[in-house]
Amino acid sequence: MTAVPEQDQPRPEIERLDCLGLTSAEAVDSALALRNVARNTALDSFRRIFREGVRASGPWRAGAPDVVATYRENSPEGEVVKFICRVAGDDGRAWETESVLIPMIGASGRSTYTLCLSSQIGCAMGCTFCETAQMGLIRSLSASEIVGQWWNAAHVIGIRPKNIVFMGMGEPMDNFDAVMQAVAVLKDHNGPSVPPSQITISTVGRVDGIRRMKEKLDTPGWHRLGLALSLNAPNDADRSAIMPVNRKWNLADLQRELIDWPRYGGNKLCIEYVLIPGVNDTREHAAQIGEFMRPLVLPVRTGATGDPEKDTRKRAVLNLIPYNPRRNSPWPAPAEEDVSRFFGWLIEERVFVKRRRTKGRQLMGACGQLGNEHVRGRKLVQVIVPGGES
Ligand code: SF4
């Protein structure tokens, strides 16, 4: 019979606290305020929760929301796994978050996973091509509920992701403080220990959030956190038609903000472009993307070889993503040859572009598709963009 570690013995006098939303330093500080809990016990217990996946240890418990459904679909690079967690709404009713584990085969041939996290239940941003937008915003998630998705991936699903992207349900900049607290926990060496360079925050284009993130990047330990902008249309008329946020912050505002994105070695700036047939897929759109991107592709001298051509690296990359039709979508997915032709136009425009393969389309876990139909059916919320039109 295996002995139960001392810190896991029942301690009836202490109510266990959820530690998923706390860094180890914050957790230890708060443990010192609890009677009968030594610093080392608190830290060991914290590590066990994150590293071994125990649900309770010492003063802590893992307050991860329950996984209530898991869907799997094969892709050429491995199995895509979408999992649904149950969380309570502000009104006490049950809601669901969705997270997706996306397989990738790297240059070395090794298979890794990227975890796509949700930051809100639903979303207020109203992008017309997006499944989640159909729900409206139910509420923002806490740092613990965000980190809980990582904990569930690692310890319930059994896949420890290498990369994390905040590209699931919700606009992360709408929930900035909780998202940054979640990143602080995710990168904690006593916790998940995911390097900031492996974490990317996406935004629909909230310039105020991008500014706050720039300030964050100037803090030691945060320099290499990545940013992804969902561009999706390269002129204001088309972008405002599919992304209401553009009426508040237009492309010139965005470009200005991104031109002086902090330059730290290895930090990422990605521009995401969902290619939608008949909406944003003409030769002219490709030329306009070139215009938007050109100032963002300022060469940064590294001085590594002494050769000015080799000693430059491109700062921003465009990820070209074939549209995944949402339910009742007015637009189809683009044909393969149309994606290839658009890709070729971007190369002609000297855009640094990568093609993203669609994974998880059947289980509605691909980009812009998160948002569960029966969840939407229960509550529809008016779509509001801060300072913009509904
Ligand atoms: S694309 Fe992103 S920001 Fe836009 S509605 Fe969907 S979840 Fe919200």
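Which exposed residues does the face of H9 turned away from its buried side carry? In this predicted model, that face carries Glu336, Glu337, Ser340, Gly344, Ile347 and Glu348. The legends below begin with this helix.

**View A. Helix H9 and the elements that cover its buried residues.** Helix H9 comprises 13 residues, 336-348. From its first C-alpha to its last, H9 reaches 19 Å, which is close to the 18 Å expected at 1.5 Å a residue. Val339, Phe342 and Leu346 are the residues of H9 shown as buried. These three cover an arc of only 65 degrees around the axis and therefore lie on the same side of H9. The cover over the buried residues of H9 includes helix H8 (283-293) as well as the strands S13 (269-275), S16 (316-322) and S17 (353-355). Glu336, Glu337 and Glu348 are among the exposed residues on the face turned away from the buried side. Arginine 350 follows H9 and has a positive phi, near 60 degrees.

View B. Leucine 115 counts as buried because it has 27 C-beta neighbours inside 10 Å, where 20 or more are required. Leaving aside residues up to four places away in sequence, leucine 115 touches Ser99, Leu101, Trp150, Ala153, Pro161 and Ile164. Of these contacts, isoleucine 164 is 49 residues from leucine 115 in sequence, yet their C-alpha atoms are 4.8 Å apart in space.

**View C. An open sheet of 3 strands.** The strand order is S1-S3-S2, and the pairing is mixed. Strand S1 (17-18) and strand S2 (56-57) stand at the edges; each has a single partner strand, so one side of each is left without a neighbour in the sheet. Strands of a sheet pair through backbone hydrogen bonds, in either a parallel or an antiparallel manner. Between S2 and strand S3 (residues 60-61) the pairing is antiparallel and involves 2 bridges. Serine 57 is placed opposite tryptophan 60 of S3.

**View D. The shell of residues around the ligand.** The ligand is surrounded by 12 residues. The closest are Cys123, Met125, Cys127, Cys130 and Ala133. By residue class, the shell around the ligand consists of 7 nonpolar, 4 polar and 1 charged.

Technical notes
Residues numbered from 1 in each chain as written. Predicted model: local features only at pLDDT ≥ 70, side-chain atom pairs only at ≥ 80, totals over all residues. Near = placed C-beta within 6 Å. Nonpolar A, V, L, I, M, F, W, Y, C, P; charged D, E, K, R; others polar. Pairing = 2+ DSSP bridges. Helix = DSSP H or I, 4+ residues; strand = E, 2+ residues; numbered from the N terminus. Buried ≥ 20, exposed ≤ 12 C-beta atoms within 10 Å, placed from the backbone. Contact = placed C-beta atoms within 7 Å. Expected span 1.5 Å × (residues − 1). Arc of directions from axis to C-beta.
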